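Keep the sequence and the 3D view at hand while reading.

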Amino acid sequence: MQRLDGYTAIVTGASGAIGQAVVERLLQEGASAVLVTDLPQTNIVEIAAGWDAHTHAVASDLSDPAGARELMRACNEYIGSPDILVNVAGAWQIIDYVDSDENQWMSMIRANLLTAMSACHAVLPGMLERHSGSIVNFASTAGEYGSIRPSAAYAGAKGGVIAFTKSLAREVSPEGVRVNAISPGPIDTPALKAASPEQRAIAAARTLVGRLGRPEDIAAGVAYLASEDSAFVTGTVLQVNGGSLL
Ligand SMILES: NC(=O)c1ccc[n+]([C@@H]2O[C@H](COP(=O)([O-])OP(=O)(O)OC[C@H]3O[C@@H](n4cnc5c(N)ncnc54)[C@H](O)[C@@H]3O)[C@@H](O)[C@H]2O)c1
């Protein structure tokens, strides 16, 4: 018996490195159907074709209410009300705040906060009706402690994800729906691969375990929060950062 035997899930931001690791982990844990979604300009449909028959891909922009409606339409068609929602979708931009403009702030808020809000809003009626469900939102160490590299708008949006997660847990956990966030530290993804060897070494040295995180490290935390192993855990922020910030 696997931890997620027969569970259904939605994973947003599923074409990114962490999103892919999350989908693969949920399938390994026994999920029976996973609806994967990402922006239309990504190759989410091709990526999903490489997974097993238990996945179905939807291309939609979740910062747009029409995109969230499209996700729910596909959800109703393919999996019904999901047991699990994992909001991996996000975006990061390094820029000095004084040099940034409102379009850049809005793009951080849309990608990181609005995507999570609209996906939660879409799935909650079904979860509340069944008095069951687990939602995992994606925060960041930047949202907890402030960003080390200049990305204040990103940090503000991720801080918003944390406040949203805790507030939503207060609202819906008495009705049986758990809401948590995972807060990754420096993870070896394309964003960090673009950094210089020195910057990567500094990020790795900041952790207590002496290495960058892997997408699989984050997926393991998501599997815990998604499953009944965390039945007594809600409104929390699980730090998966190698001890880089305590
Ligand atoms: N990589 C890290 O070191 C790190 C550290 C802390 C937090 N995080 C968070 O983890 C998550 C995944 O990170 P990643 O490195 O895999 O990033 P990524 O950019 O590879 O993946 C994020 C995905 O979200 C999608 N997305 C963005 N806006 C969207 C929208 N409006 N609608 C639908 N999808 C949208 C993107 O297309 C992308 O595929 C993000 O939320 C990120 O902020 C990552």
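## The shell around the ligand

The shell around the ligand is made up of 13 nonpolar residues, 12 polar ones and three charged ones. The model is predicted. There are 28 residues around the ligand, and those that come nearest are D38, D61, V88, K158 and T189.

The table gives the residue, the part of it that is involved and the distance.

| Residue | Part of the residue | Distance to a ligand oxygen |
|---|---|---|
| G90 | polar backbone atom | 3.3 Å |
| Y154 | N or O atom in the side chain | 3.0 Å |
| I187 | polar backbone atom | 3.0 Å |

How much of the ligand does the protein bury? Taken alone, the ligand exposes 820 Å², and 84% of that is buried by the protein. Two or more residues of the shell come from each of the helices α1 (17-28), α4 (102-130) and α6 (152-172). Helix α4 gives the largest share of the shell, with three residues.

## Residues linked to the ligand site

G90, listed in the table, belongs to the loop between β4 and α4. Its relative accessible area is 45%, so G90 is partly exposed. Along the chain, G90 and L113 are 23 residues apart, while their C-alpha atoms are separated by 7.9 Å.

K158 is one of the residues that come nearest to the ligand. The side chain of K158 makes a polar contact with the side chain of N112, at 3.1 Å. N112 is part of helix α4. Is N112 buried or exposed? With a relative accessibility of 2%, N112 counts as buried, because the limit for buried is under 20%.

## Two aromatic pairs

A pair of aromatic rings is described by two values, the distance of the centres and the angle of the planes. Across the whole structure, a search finds two such pairs.

Where in the chain do W92 and Y154 lie? W92 is in the loop between β4 (84-87) and α4, Y154 is in helix α6, and the pair links parts of the chain that are 62 residues apart. Y154 is buried, at a relative accessible area of 12%, whereas W92 is partly exposed, at 37% relative accessibility.

Y97 is partly exposed, with a relative accessible area of 43%. W105 is partly exposed too, at 30% relative accessibility.

## The largest nonpolar core

The largest nonpolar core has 31 residues. Which of them touch the most other members? They are V11, V22, V36 and V86. Several elements give two or more residues to this core: the strands β1 (8-12), β2 (33-38), β4 and β5 (133-138), and the helices α1, α2 (44-49) and α9 (215-226). The largest share, six residues, comes from α1. Helix α1 is also among the elements that give two or more residues to the shell around the ligand.

## Two further residues

T55 lies in strand β3, which covers residues 55-59. At 14% relative accessibility, T55 counts as buried. A polar atom of the T55 side chain lies 3.2 Å from the backbone oxygen of D52. The backbone oxygen of A48 lies 3.5 Å from a polar atom of the T55 side chain.

H131 is placed in the loop between α4 and β5. Its phi is positive, about 55 degrees, although H131 is not a glycine. With a relative accessible area of 48%, H131 is partly exposed.

Note on methods:
Residues are numbered from 1 along each chain as its sequence is written. This is a predicted model: local features need pLDDT of at least 70, side-chain atom pairs count only at pLDDT 80 or more; totals for chains, interfaces and linings use all residues. Side-chain values use heavy atoms; hydrogens and water are left out. A residue is near a molecule or strand if one of its heavy atoms lies within 4 Å of it. A polar contact is a pair of N or O atoms within 3.5 Å; within protein, one must be able to donate a hydrogen and the other to accept it, and residues adjacent in sequence count only if both atoms are side-chain atoms. Accessible areas come from the Shrake-Rupley method with a 1.4 Å probe; for residues, only the protein chains shown count as cover. Helices (H or I, at least four residues) and strands (E, at least two) are DSSP runs, numbered from the N terminus. Ala, Val, Leu, Ile, Met, Phe, Trp, Tyr, Cys and Pro count as nonpolar, Asp, Glu, Lys and Arg as charged, and the others, Gly among them, as polar. Rings of Phe, Tyr and Trp (its six-membered ring) pair if their centres lie within 6.5 Å; planes under 30 degrees apart count as stacked, over 60 as edge-to-face and the rest as tilted. Buried means under 20% relative accessible area, exposed over 50%, partly exposed in between (1.4 Å probe, protein chains only). A nonpolar core is a set of buried Ala, Val, Leu, Ile, Met, Phe, Trp, Tyr and Cys residues joined through side-chain atoms within 4.5 Å.
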